[in-house]
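I opened a notebook for this structure and went through it one feature at a time. These are my entries.

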Amino acid sequence: MSGTMQSRENVALEIRGLRIDVAESGADIVDEVDLTIRRGEVLGLVGESGSGKTTIGLAVLGHARRGVAIHGGTVRIGDRDLNGLDAKELRSVRGKLVSYVPQDPGTALNPALRIGKQIMEVLETHGFGANQAEREARVVEVLSEVMLPGVPEFLRRYPHQLSGGQQQRVGLAMAFACRPAVIVLDEPTTGLDVSTQTHVLQTIRDLAARHGVAALYVTHDLAVVATLADQVAVMYAGRVVEQGSTADIFANPAHPYTRYLVAAAPEMDGDRQMVGLVGRAPSPGKRPVGCAFALRCELATEECVAEFPAVTDVGTDRPHQVRCVHAFGVPDRTALRVASTARVARESEVALSIRHVDAGYSGTNVVHDVSFDIQRGECVALVGESGSGKSTLSRSIGGLHREWTGEIVLDGTPLEKSSRNRPVAQRLSIQYVFQNPYSSLHPRRPVAESIARPLAIAGVDAREAAIEVDRMLERVSLGSAYGSRYPDQLSGGERQRVAIARALVSKPHMLICDEVTSALDVLVQAAIIELLVDLQRDLGLAMLFVTHNLPLVRSIAQRVAVMSDGKIVELGDTAQTLRHPQEEYTKRLLADTPVIPTFSND
Amino acid sequence: MSAEKPAGVWRSSLRLWRTRIGIALVLLLVGVAIVGPWVAKFSPSEFAGTPNTRHVPGTWLGTDYLGQDVVSRFLHGGRSILWMASVSTLLGFVFGAAIGLVAAYNRGRLDDVLMRGMDILLAFPQLLLALVALTTIGPEPWLIITIVAFTTMPRIARITRGATVPVVERDFIGAAEALGESRFRIITKELLPNVTGPLLVEANLRLTYSIATIAGLGFLGFATEVNAADWGQMVQENRTALTVAPWGTLLPAFAIALLTVGTGLIADGVSRTVAGVDRGRPDA
């Protein structure tokens, strides 16, 4: 950033004009990237998948993935430019001057090495300390820094003997072992439960501040950034479109894209409605000359298309830079309010009734005596951490899991355990949308055929079915032209729309949504939620919305059931439960969930 | 965006030269075997001149150990090995794939029973089993086919099961089950199309081995009839005269070699495509 007023002395990482290409075609993956991080500061690099944020993270280590080349610019750590180093010099720098914490600790740790040995290796490689005793002392010290016991029994463990949170702490310990100047964290808490995530984030912030480490935190999660970062840089289609202090970015987002991002983030206790945006960012090689967001931006003018806007500083007392000719021009989207949760006239008719259900795997119960009802036209959110039994329960209802006892009654008729034993009409009136749209569609079948299957099973003739499929494709905002496409020609959000169309084509009474947005980017997530809310209201669906994402619940569900260790610990009106939780567990869950705090508009 | 069907493994593999060359070789030899008998100058057992002679008027490459025309016998001798190899591989493939798919989809006890059965079959050395059966019952074509099919089956079953298990775990199978699709339909319409890649590789590989095995049986004297024109048997008959009249041995040997190289190249091309084809990922 050119207009930086603060002293440059504390700068730990400075990226200038970084450009990274696809080696073969020369198409830009990221370009014109300028970032500065000071000692002890955390910079949150935010963007959707494919925006180039991980590519930048790796470039800070002087690394480019296969088929990708660092084309120009400087990555300066202290007084060394990493782009000028050869492979050998880079190896000596990595882990010592700059280190990396990857997304999935389970695959990043060597499963055959004990924890102590694993950390020791980092120290030995970089010749840390004068002798073995000093290194051993450092292993114990760094483990205590990440809140793990440095006792011999722990050092002798293998990675698989640790929990996910502990594994990620070991990853952190390895990264901090040599006291690096810069640390790159690539979505290190994505796979963790909220409470574990909160603790890991706390550790990261403390360590960075205490040891004066500059941290580049790569993520798509705005709430995490809001609670963790000092500075935020927002990426879109390979460019940093806005950056500034966390408070400025969240209180006064200037770029239209940032405004959409903030508006798409779910809010926990307010009643702000999530706003989505359809379409997707252009991929490398297909990007326009001008602003890449112009294609989706309602303010786009000829100026935007002509060339990529220059950096404008819109900050008052501290730098806040944006690359948009219409900065602040976009109306505030966060003003939209969720209609009151009583919006759906609740027919007091029970659609689904769950009575004393126990479920488990080969004799071990993971769901204990669960009972609740879902009314017609009502959405109940089933919330819980991983392992709480929420998926097992929802799969039991859907007929995908057979080992359960108790009674599940749909429209007055008790359900058989396995979907195969249920009558056709019953099977079709209870539908399931899966978490991962990349695995829930038959890859070798045009989407229209996938959507038409439920109708074929219902015995609808092919011509009528085709009309119905087209209507359903329109209903989920895809259009009938999508019918002949194959799943791998669709984006994640489009696939999830297809999965929703397939679930709704047979006019079910009950829809189960199992973490349907967890694999999607925020804007897409918001758009899918908007669609589901719409469909649920129009079709009068009873819906069970399974999620681990508490803030999301606010936008969709009338009631929320909190599940822990296989039991429903709290069940009540959504707004009421989120604002005034009664149970300890719910309170803790709420406290641990990162939310975007209210930043004053100063 | 075009709504073209994503190119399948087979079609994508045709972009590789190794696959094209393999197909060309196989087509060439299949062509020789099919057209051969019509263009052959002599019948396979017709006397053409002095035995084991390199230059005999009226023949291209001389005569064999009984004075029969080498080229004519070569042209007649391809059919038996080709049809036996193809049919046995096809049978082994169909049964093996079916067992693998059923085992992978059902898991549990059925999986154990089926796959342990396959393991027992795998424990028998193929050639030894063939020799025992052929010496006790006699060199019948159906027996050769049965044995080769029977020993090919467990290998195909293993590969199929291995490739199918991860597909069974994917959600679209759950979606089909929730709709109440029949088991048969799930296996044939949902699972099978998603494991064609590895199956094609294995089928080609097994075809290569079947050709070699059947040629080997012919060489060991288990051709279907005495003095039948058969490439494997020709190598055996004429090998003692290799120095005087080499073509009687070399011509069928080359043919078998080229055929297996051809099917091997196809298998390699397809397997490279399978490894390279990356489906189910966003913007891969």
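**Entry 1: a pair of strands in chain A**

I started with one residue pair: A:Asp186 stands opposite A:Val218 in β8(A). I kept in mind that the model is predicted. Next I looked up the strands around this pair. Strand β7 (residues 182-186) of chain A and strand β8 (residues 214-219) of chain A run parallel. Five bridges join them.

**Entry 2: the sheet around that pair**

How many strands does the open sheet with mixed pairing have? I found eight, in the order β6-β7-β8-β3-β9-β10-β12-β11 of chain A. Then I checked the edges. β6 (98-101) and β11 (312-313) of chain A stand there, and each has a single partner strand, so one side of each is left without a neighbour in the sheet. A helix packs on this sheet too: α7 (residues 164-176) of chain A touches β6 and β7 of chain A. The direction of α7(A) makes about 170 degrees with that of β6(A).

**Entry 3: the other sheet I looked up**

I moved on to an open sheet of four strands in chain A. The order is β14-β13-β16-β17, and the pairing is antiparallel. Which strands are at the edges? They are β14 (364-375) and β17 (413-414) of chain A, and each pairs on one side only.

I went through the pairings one by one.

- β13(A) and β14(A) run antiparallel and are joined by eight bridges. A:Ile354 has A:Phe372 in β14(A) as its bridge partner.
- β13(A) and β16(A) also run antiparallel, with six bridges joining them. Here A:Asp358 stands opposite A:Thr405 in β16(A).
- Strand β16 (residues 404-410) of chain A pairs with β17(A) over two bridges, in the antiparallel sense. The partner of A:Val409 in β17(A) is A:Pro414.

I also looked at the turn. The hairpin of β13(A) and β14(A) has two residues between the strands. In this hairpin, A:Ser362 takes a positive phi near 35 degrees.

Last, I looked for a helix on this sheet. Helix α13 (residues 390-398) of chain A lies across β13 (350-361), β14 and β16 of chain A. It runs at about 120 degrees to β13(A).

**Entry 4: the domains of chain A**

I noted three domains in chain A: domain 1 (11-97 + 180-334), domain 2 (111-173) and domain 3 (348-592). I then asked how far apart the C-alpha centres of domain 1 and domain 2 of chain A lie. The value is 31 Å. Eleven residues of domain 1 of chain A are in contact with twelve residues of domain 2 of chain A. On the domain 1 side, I listed five nonpolar, five polar and one charged residues.

**Entry 5: chain B as a whole**

I turned to chain B and its secondary structure. It comes to twelve helices and zero strands. The C-alpha trace of chain B spans about 75 × 50 × 30 Å along its principal axes.

What describes two packed helices? The angle between their axes and the distance between the axes do. I looked up both for two pairs.

The crossing of α2(B) past α4(B) is left-handed. From α2(B), the residues in contact are B:Leu29, B:Val30, B:Val32, B:Ala33 and B:Gly36. From α4(B), they are B:Gly78, B:Arg79 and B:Leu82. By class, the contact of α2(B) with α4(B) has five nonpolar, two polar and one charged residues.

The second pair is helix α5 (residues 108-123) and helix α7 (residues 141-168) of chain B. Their axes come within 9 Å and cross at roughly 135 degrees. α5(B) and α7(B) are therefore oblique to each other. α5(B) passes α7(B) in a left-handed crossing. Among the residues that meet are B:Met115 in α5(B) and B:Phe150 in α7(B). I counted the classes for this contact: seven nonpolar, one polar and two charged residues.

**Entry 6: where the chains touch**

I finished with the contact between the chains. In it, 21 residues of chain B are in contact with 30 residues of chain A. Which helix gives the largest share of the chain B side? It is α8 (residues 171-179) of chain B, with seven residues. By class, the chain B side has nine nonpolar, four polar and eight charged residues.

How values were computed: Residues are numbered from 1 along each chain as its sequence is written. Chains are lettered from A and ligands numbered from 1 in the order in which they are written. This is a predicted model: local features need pLDDT of at least 70, side-chain atom pairs count only at pLDDT 80 or more; totals for chains, interfaces and linings use all residues. A crossing is left-handed if the near helix is turned anticlockwise from the far one by less than a right angle, and right-handed if clockwise. Two residues are in contact if their C-beta atoms, placed from the backbone, lie within 7 Å. Ala, Val, Leu, Ile, Met, Phe, Trp, Tyr, Cys and Pro count as nonpolar, Asp, Glu, Lys and Arg as charged, and the others, Gly among them, as polar. Domain bounds come from an automatic or database domain assignment. Two strands pair if DSSP finds at least two bridges between them. Axes are lines fitted to C-alpha atoms, for helices over the stretch in contact, and angles run from 0 to 180 degrees between N-to-C directions. Angles under 35 degrees count as roughly parallel, over 145 as roughly antiparallel, 65 to 115 as roughly perpendicular and the rest as oblique.
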